[in-house]
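Welcome, and thanks for taking a look at this one. Below is a short tour, from the whole chain down to individual side chains.

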Amino acid sequence: MVAADSEAPKDPGVRMFRRERSIPLRGSAAALCNNLSVLQLPVRNLTHFGVVHGPSAQLLSAAPEGVPLAQRQLHAKEGAGVSPPLITQVHWCVLPFRVLLVLTSHRGIQVYESDGSVMVYWHALDSGDASPGTWSGRVLVFDIPAKGPNIVLSEELAAHPTSVTDIASEPAQGQDCMADVVTADDSGLLCVWRSGPEFKLSTRIPGFGVPCTSVQLWQGTIAAGYGNGQVRLYEASTGTLHVQINAHARAICALDLAPEVGKLLSAAEDTFVHIWKLSRSPESGYIEVEHYHGECVPDTQVCGARFCDPSGSSFAVTGYDLAEILRFSSV
């Protein structure tokens with residue numbers, strides 16, 4: 001196991017990223033972990049951003065210089081009950097054959113075409129559920145057609161004793177790939193699944209009394225962010241802990257990966273966003289970590305952060321009660 005410390009980057013005097021033009025929001029971001037979703041459209045030279053604000057989600061399209069070109073608001077579908085449903089997450093699901101926008105609330109799951117123009121599916125939830133990973137600990141698996149609205153709930157996975165907090169996946173790396181989905185919960189438990197006609201639980205990584213708020217998968221390695229500010233890197237196939245990073249002074253609210261270059265972004269309630277460079281040692285095969293960049297967002301309770309491109313050359317940040325999306329790009 002290797003320990004790393006985000007407080008001591010190699011050369012704090014060198015700035016890797018600069019602040020770019022912010023994108024205004026109609027309302028501030030809600031205080032939810034992982035409250036920012038990003039979809040890049042290289043062919044159209046556009047980037048889509050999604051942010052939750054209470055009972056609505058804001059979708060924005062922006063040009064590279066940050067000029068907002070279009071905005072759309074989506075609302076949670078009404079159901080039985082007195083109070084309006086609150087949205088818990090907005091997220092683009094990029095499948096090999098289709099891109100869908102998923103909106104989750106306390107009442108159900110809404111699936112849209114990628115631009116949010118047409119809702120293609122609605123799945124009502126019991127009062128104890130909240131999203132495809134639910135308050136009851138169940139994980140819902142859906143079959144998605146190449147086109148059209150014939151989405152079907154195919155399976156329910158029951159391995160978590162507490163509320164599911166995040167889900168991450170990566171494309172299977174061939175027959176030797178032992179896992180391509182990881183789910184996390186409020187107890188810190190991680191469950192690693194192998195997908196197929198039926199999902200199979202391959203590894204359980206016990207928690208240690210601290211919620212896991214965000215997870216990512218990269219080349220068979222799990223990156224998990226916790227409520228105590230730690231980032232831990234595990235081997236997905238075995239559950240072996242390779243790296244423990246004391247990354248932040250407060251709870252982590254978001255992790256993201258730039259898969260092309262192995263950059264890991266961590267953001268937390270301590271106002272900091274850090275970027276780490278991951279690599280695999282040719283001698284041991286273990287993951288090694290190097291601090292790459294640190295960015296302070298003063299007087300802001302950060303609640304979402306994402307890379308804006310697969311190479312990790314730009315990233316965006318949202319904060320509670322902040323009516324804009326902050327953008328940063330490499331110098």
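The protein chain exposes about 14,700 Å², and carbon and sulfur atoms supply 52% of that area. Keep in mind as you read that this is a predicted model. Of the 331 residues in the protein chain, 53% are buried. The secondary structure comes to 28 strands and zero helices. Among contacts with a separation of 6 or more, 46% are made by residues 24 or more positions apart.

In soluble globular proteins, nonpolar side chains tend to be buried together. Here, the largest nonpolar core has 17 residues, and L265, A267, F315 and V317 have the most contacts inside it. Two or more residues each come from β22 (252-258), β23 (263-268), β24 (272-280), β26 (302-307), β27 (314-319) and β28 (324-330). Take L265 as an example: beyond the residues up to four places away in sequence, L265 touches A254, L255, D256, V273, H274, I275, A305, R306, F307 and F315.

**Aromatic pairs**

The whole structure contains five aromatic pairs. Two of them are set side by side here.

| Pair | Centre to centre | Angle between planes | Geometry |
|---|---|---|---|
| F17 and Y292 | 6.5 Å | 80° | edge-to-face |
| Y121 and F142 | 5.7 Å | 70° | edge-to-face |

F17 is buried, at a relative accessible area of 1%, whereas Y292 is partly exposed, at 30%. Ring pairs also join F17, Y292, F315 and F328 into a cluster; F315 is one of the residues with the most contacts inside the largest nonpolar core.

**A charge over two rings**

R232 is worth a look in the viewer. R232 lies over the face of F208, 3.9 Å from the ring centre. The charged end of R232 also sits over the ring of Y226, at 6.0 Å from its centre.

**A serine in a loop**

Is S281 buried or exposed? S281 is in the loop between β24 and β25 (287-296). Its relative accessibility is 6%, so S281 counts as buried, the cut-off being under 20%. Leaving aside neighbours within four places in sequence, S281 is in contact with Y286 and E288.

Note on methods: Residues numbered from 1 in each chain as written. Heavy atoms only, no water. Core = buried A, V, L, I, M, F, W, Y, C linked by side-chain atoms within 4.5 Å. Buried < 20%, exposed > 50% of the residue type's maximum accessible area, 1.4 Å probe, protein only. Helix = DSSP H or I, 4+ residues; strand = E, 2+ residues; numbered from the N terminus. Contact = heavy atoms within 4.5 Å. Areas by Shrake-Rupley, 256 points an atom, 1.4 Å probe, with all protein chains shown as cover. Phe/Tyr/Trp six-rings, centres within 6.5 Å; stacked < 30°, edge-to-face > 60°. Lys NZ or Arg CZ within 6 Å of the ring centre and 35° of its normal.
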